Amino acid sequence: MKFQWKIFFWILSLVAVTFGVGGYYLLSSVFQSTLHREIDMGMAENQTLQFSMEMAVAALPEDYFFASDEVRSQIVRALKQTSGSDHFIHMEEKDGDILYTDPLPLRSEELVESLGSGERGYRILQTEDGAYFLETALSMPLYNREIILENVMDISHVFSERDNLFRTYQKIILCILGITGVLTLLLARLLTRPIRGLSRITKRFARGDYETRGRIKSNDEIGMLTRDFNSMADKLADKIYSLEEQARRQEDFADSFAHELKTPLTSIIGYADMLRSMELSQEDTIYAANYIYSEGKRLEALSLKMMEMIVLKKQDFDIKPVEMQRLFQEIGQMIEPALKQDGIQLVIHAEKQQIFGEPDLLKSLFINLIDNARKASARGTAISVTGQKQEENYVVTVRDQGRGIPADKLDKITEAFYMVDKSRARKQGGAGLGLSICANIVGLHQGEMRFESSPGEGTSVVVSLPRERVELW
């Protein structure tokens with residue numbers, strides 16, 4: 001069942017129950033009040049008849065009163081004229097002898113039998129045709145005898161008024177429920193309109209329209225729900241775009257990896273087939289063997305880089321105190337021969353500072369950065385490495401005087417297999433994995449890495465590592 005119909009039926013049911021119970025209680029109270037007023041009138045009339053009877057017979061002899069029906073009838077008629085009552089009157093002795101009676105419509109023997117001397121009581125009686133009568137009876141001593149004095153009055157109008165009131169109230173209830181139903185339905189549709197709109201938006205979002213958002217028109221709970229949905233949609237859209245980008249990168253990674261394998265393998269197979277099936281001159285044989293060797297070395301380097309990336313993702317590393325100045329001294333000794341061979345100078349200025357990290361990973365990080373700078377530098381230039389303490393971090397800057405990187409490519413250079421100059425990188429044995437490995441190592445140490453570069457002015461890589469102890473991700 002839709003929410004608007006739930007609102008409709010709940011409010012309608014609440015109104016029906018409230019007015020039904022409240023109206024029944026009110027009408028019942030009015031009826032009971034009227035009925036008790038009639039009972040009080042009947043009891044008062046019976047008491048008046050008692051006083052009038054006592055006064056009328058006070059001067060009459062006992063035999064005269066009980067012996068003559070005409071005398072008793074005259075006394076009762078005089079009582080009716082005096083009291084102005086047109087109700088039915090009945091008078092009998094306690095033993096059952098009737099002294100006077102009007103043609104009573106209904107009479108209760110149980111009421112008479114239940115009365116003691118001097119007691120007065122009443123009963124409400126109903127005839128077969130639906131009429132109601134109030135019977136009031138008194139047991140009174142008269143001439144040393146027990147006399148029952150009864151008066152019966154028609155109170156059908158009280159019950160008729162009650163029934164009329166209930167029928168009228170039922171019509172009022174139906175009108176109220178009709179008006180309430182229309183207003184409630186309009187109110188329910190108005191209240192649920194934002195929810196229906198939000199439902200349409202969620203369906204559009206589920207179909208792939210990740211830019212759709214709900215309009216916040218109020219600060220109530222529905223407005224809060226819309227705001228929370230928009231916040232969730234923003235985060236979910238970012239996550240979806242991130243997954244799409246990750247899927248694209250994985251696809252590019254697979255394509256690039258296949259390409260990086262295919263090109264050298266094709267050349268190796270081709271030259272190997274030439275050596276196997278053809279008689280070549282010594283010069284051509286040496287050329288083919290050198291090509292096979294160089295491409296094999298490049299595949300070896302690619303395999304090592306791939307292995308390094310896999311190890312980064314699979315292995316748990318132990319963090320240790322690392323003295324950065326000593327670390328760069330070791331790195332300089334390791335990489336200086338290759339730099340000298342290319343005619344490139346390495347200048348290291350590292351402040352003495354201990355940080356916490358994995359020594360081998362940190363070595364791999366800075367060797368990759370320096371080697372990347374070497375590949376971008378020309379003979380006769382220099383690569384500078386500086387390490388400084390800054391607030392809570394140790395900041396390392398690797399700066400070269402190479403070709404530089406265009407601004408639109410800076411955000412891609414840490415992607416696997418991405419190379420700014422593919423032909424030059426392949427000639428130098430690169431596979432586009434170095435900076436991707438560096439980014440992973442920096443991330444493991446909860447650090448940051450950024451690039452500053454302009455074409456023709458060189459590139460600076462700034463790595464910021466926390467000095468305090470951290471747990472590797």
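Ser384 stands opposite Arg399 in strand E10, strands being DSSP runs of E with at least two residues and helices DSSP runs of H or I with at least four, both numbered from the N terminus. The structure described here is a predicted model, in which local features need pLDDT of at least 70 and side-chain atom pairs count only at pLDDT 80 or more, while totals for chains, interfaces and linings use all residues. Residues are numbered from 1 along each chain as its sequence is written, and side-chain values use heavy atoms, with hydrogens and water left out.

The protein chain holds 11 helices and 12 strands. Of its 473 residues, 38% are buried, a term that stands for a relative accessible area under 20%, with exposed meaning over 50% and partly exposed in between, for a 1.4 Å probe and protein chains only. Among the contacts in the protein chain with a separation of 6 or more, 64% are between residues 24 or more positions apart, contact meaning heavy atoms within 4.5 Å.

Strand E7 (residues 345–350) and strand E9 (residues 382–390) run parallel and are joined by 6 bridges, and Ala350 has Gly387 in E9 as its bridge partner. By contrast, E9 and strand E10 (residues 393–399) run antiparallel and are joined by 7 bridges, with Tyr394 in E10 as the bridge partner of Lys389. The hairpin of E9 and E10 has 2 residues between the strands, and Glu391 there takes a positive phi near 50°.

Thr397, which lies in strand E10, is buried with a relative accessible area of 10%; leaving aside neighbours within four places in sequence, Thr397 is in contact with Ser384, Val385, Thr386, Ser460, Val461 and Val462. Leu465 has its place in strand E12 (residues 458–466) and is buried, with a relative accessible area of 2%. Beyond its neighbours within four places in sequence, the contacts of Leu465 include Ile355, Leu362, Phe366, Tyr394 and His445. Leu465 and Gly447 are 18 residues apart in sequence, yet their C-alpha atoms are 4.6 Å apart in space.

Helix H8 (residues 324–341) has 18 residues and reaches 26 Å from its first C-alpha to its last, close to the 26 Å expected at 1.5 Å a residue, the expected span being 1.5 Å times one less than the number of residues. Within H8, a kink of about 45° lies at Ile335, shortly before the proline Pro337, the bend at a residue being the angle between axes fitted to the seven residues ending there and the seven starting there. Met324, Leu327, Phe328, Ile331, Gly332, Ile335 and Leu339 are buried in H8, and the buried residues of this helix pack against strand E6 (320–323), E7, strand E8 (354–357), helix H9 (359–376), E9 and E10. After H8 comes Gly343, whose phi is positive, near 75°.

A second open sheet of 5 strands has the order E2-E1-E5-E4-E3, with antiparallel pairing. Strand E2 (98–101) and strand E3 (120–126) stand at the edges with a single partner strand each, so one side of each is left without a neighbour in the sheet. Neighbouring strands of this sheet are turned against each other by 15° on average, direction ignored. E3 is joined to strand E4 (residues 132–142) by 7 bridges in an antiparallel run, and Gly121 stands opposite Ala137 in E4.

Helix H1 (residues 3–56) lies across strand E1 (88–93), E3, E4 and strand E5 (145–154), running at about 30° to E4. In H1 lies Ser28, whose side chain reaches the backbone oxygen of Tyr24 at 2.7 Å. The C-alpha atoms of Ser28 and Arg162 are separated by 8.0 Å, although the two residues are 134 residues apart along the chain.

Definitions and conventions: Two strands pair if DSSP finds at least two bridges between them. Axes are lines fitted to C-alpha atoms, for helices over the stretch in contact, and angles run from 0 to 180 degrees between N-to-C directions. A polar contact is a pair of N or O atoms within 3.5 Å; within protein, one must be able to donate a hydrogen and the other to accept it, and residues adjacent in sequence count only if both atoms are side-chain atoms.
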